[in-house]
Amino acid sequence: MFRATLDDQGRWGALHAFGYNSDDYSTGHAALSADGHTIYFASDRPGGIGGSDIWRSVDLGDGFGAPENLGPTINTPGDELFPTIAGGALYFSSNAHTNMGGLDLFITELDGNGWAEPRNMGYPVNTRFDDFALTLNTDGKSGYLSSDRTGTDRVFQFFIQEPVFWVEGGVFGSPEGRFLPNAEVTLTNLLTHEDSTMITADNGSFRFRMQPNSAYRLKVAHEGSITQTRELSTEGQASGKTFTEDFHLQRAQVDMSFALNDIYFDYDKWDIRPDASVELDKVVLMMQANPHLSFELSAHTDSRGGVLYNLVLSDARAHSAEDYLIRAGVDPRHISSKGFGEERLVNDCGDGINCTEEEHQANRRVELRITSIKELADTQR
């Protein structure tokens, strides 16, 4: 590698060799970081992992320091070549990562103190032939790459298109499978807080376009039914996708009960486990979407232990789950809790019955029951 300086007459001069060139190995494919203080290059110098590796050297003020290998996340026993720096991303070619064929182009970013796992840039950037060098224009949306995909080495221009994302689905009511027209479907961008709303057609369908690298909340409401919400995200997805989300709404009725999936407790304890918190977070969204409904949260134990002890333990579990919901934003006026001990087992694992731990755990559960329904207008005053 060499460096030259362009003078004010447009002439190149002051030619200097890179301080770590050698007659014993190759050093080339130089790429400077945006601030000019770090140079990345390819070399088969000793101390590498494979044939040719990506290295870097940092400007110490009085010259570049000793080359540093980028490590096994980037480099392989094969060849890594043609590094390019654009923004916070490193592009390079390799013949020994997950390849489509020959040399492929990969992208990675700094992740904390190291590099993220390189991602194959896929077709049409890569082919079964050698695709070996890439450069981006300053707009970040176009550039050039070199490849022998036509049989000879050529330079190709490319343009980057933003991936397109959609979410679509249907809204259904009771009886099961009946299309539900006139349901209100709202898609909220959780980053910009912008809402898009539509009313379902006669076939209960809806469709929204979503932006890349965004998180969303999808809410479906229909008069007399329990409003449902779900969260979805396009963050980190490089390829376009259509999400399919179908909703089956239930009519809200007093005393309607829901078994909360995976709200389990360890034996003899009432702490909210991490797996239970994931499900309770879904309950928070559901209750916040239905401010006209009030609920009773009930907890149940297995049959092991005394009847009175189990009643006290289940009450502690119910209060623990209730406290979690309130801390997460549920209106305390719309939630109450109660423990039922071992009164309502879901299987035959009563006193003196030999059961597996999984069968006992099925009884250590939490349920939700609608206790009252207010007119929606009352909740909006």
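Where is the place of Pro-124? In this predicted model, Pro-124 sits in the loop that runs between β11 (119-120) and β12 (131-136). The peptide bond that joins Tyr-123 to Pro-124 is cis, with an omega of about 10°.

His-29 is not a glycine, yet its phi is positive, at about 60°. This residue belongs to strand β3, which covers residues 27-32, and its relative accessibility of 33% places it among the partly exposed residues. Phe-82, again not a glycine, has a positive phi of about 50°. Phe-82 is part of strand β7 (residues 80-86) and is partly exposed, with a relative accessible area of 23%.

The overall form of the protein may now be considered. The chain is organised into four helices and 27 strands. Its radius of gyration is 31 Å, whereas a compact globule of 381 residues would have a value near 21 Å. Along the principal axes, the C-alpha atoms fill a box of roughly 90 × 55 × 40 Å. Of the 381 residues, 42% count as buried. The accessible surface of the protein amounts to about 21,000 Å², and carbon and sulfur atoms account for 49% of it. Among contacts with a separation of 6 or more, 50% are made by residues 24 or more positions apart.

The interior is the next topic. In soluble globular proteins, nonpolar side chains tend to be buried together. The largest nonpolar core of this model has 25 residues, and the members that touch the most others are Phe-295, Leu-325 and Leu-368. Four elements each supply at least two residues of this core: helix α1 (274-289), strand β25 (293-300), helix α2 (307-327) and strand β27 (365-373). The greatest contribution comes from α1, which gives six residues. The surroundings of Phe-295 can be traced in detail. Residues up to four places away in sequence being set aside, Phe-295 touches Phe-258, Met-286, Met-287, His-334, Ile-335, Ser-336, Leu-368, Arg-369, Ile-370 and Thr-371. Another core, of 17 residues, lies apart from the largest one and includes Phe-208, Tyr-216, Leu-218 and Phe-247.

Burial is also found in a loop. Ser-225 is located between β20 (215-221) and β21 (228-233), in the loop that connects them. Ser-225 counts as buried because its relative accessible area is 6%, below the 20% limit used for that class. Beyond its neighbours within four places in sequence, Ser-225 is in contact with Leu-249, Gln-250, Arg-251, Ala-252 and Asn-290.

Leu-308, Leu-311 and Val-312 make a nonpolar surface patch of about 290 Å². Val-312 itself is classed as exposed because its relative accessible area is 53%, and the exposed class begins over 50%.

The charged side chains complete the picture. Side chains of opposite charge can pair when their charged atoms come close. The whole structure contains 16 salt bridges, and several of them can be followed from partner to partner. Asp-302, which is buried at a relative accessible area of 2%, forms a salt bridge with Arg-304, and the closest N and O atoms of this pair are 3.0 Å apart. Arg-304 is partly exposed, at 26%, and its side chain also meets that of Glu-357 in a salt bridge with an N to O distance of 3.3 Å. Glu-357 is partly exposed, with a relative accessible area of 37%. A further salt bridge, at 2.8 Å from N to O, pairs Glu-357 with Arg-364, a residue that is buried at 1% relative accessible area. Through these shared partners, Asp-302, Arg-304, Glu-357 and Arg-364 are joined by salt bridges into one network.

Conventions. Residues numbered from 1 in each chain as written. Predicted model: local features only at pLDDT ≥ 70, side-chain atom pairs only at ≥ 80, totals over all residues. Heavy atoms only, no water. Core = buried A, V, L, I, M, F, W, Y, C linked by side-chain atoms within 4.5 Å. Buried < 20%, exposed > 50% of the residue type's maximum accessible area, 1.4 Å probe, protein only. Contact = heavy atoms within 4.5 Å. Patch = residues over 30% accessible without salt bridge, like charges linked within 9 Å, V, L, I, M, F, W, Y side chains within 5 Å. Areas by Shrake-Rupley, 256 points an atom, 1.4 Å probe, with all protein chains shown as cover. Salt bridge = Lys/Arg side-chain N within 4 Å of Asp/Glu carboxyl O. Rg over C-alpha atoms; globule rule 2.2 N^0.38 Å.
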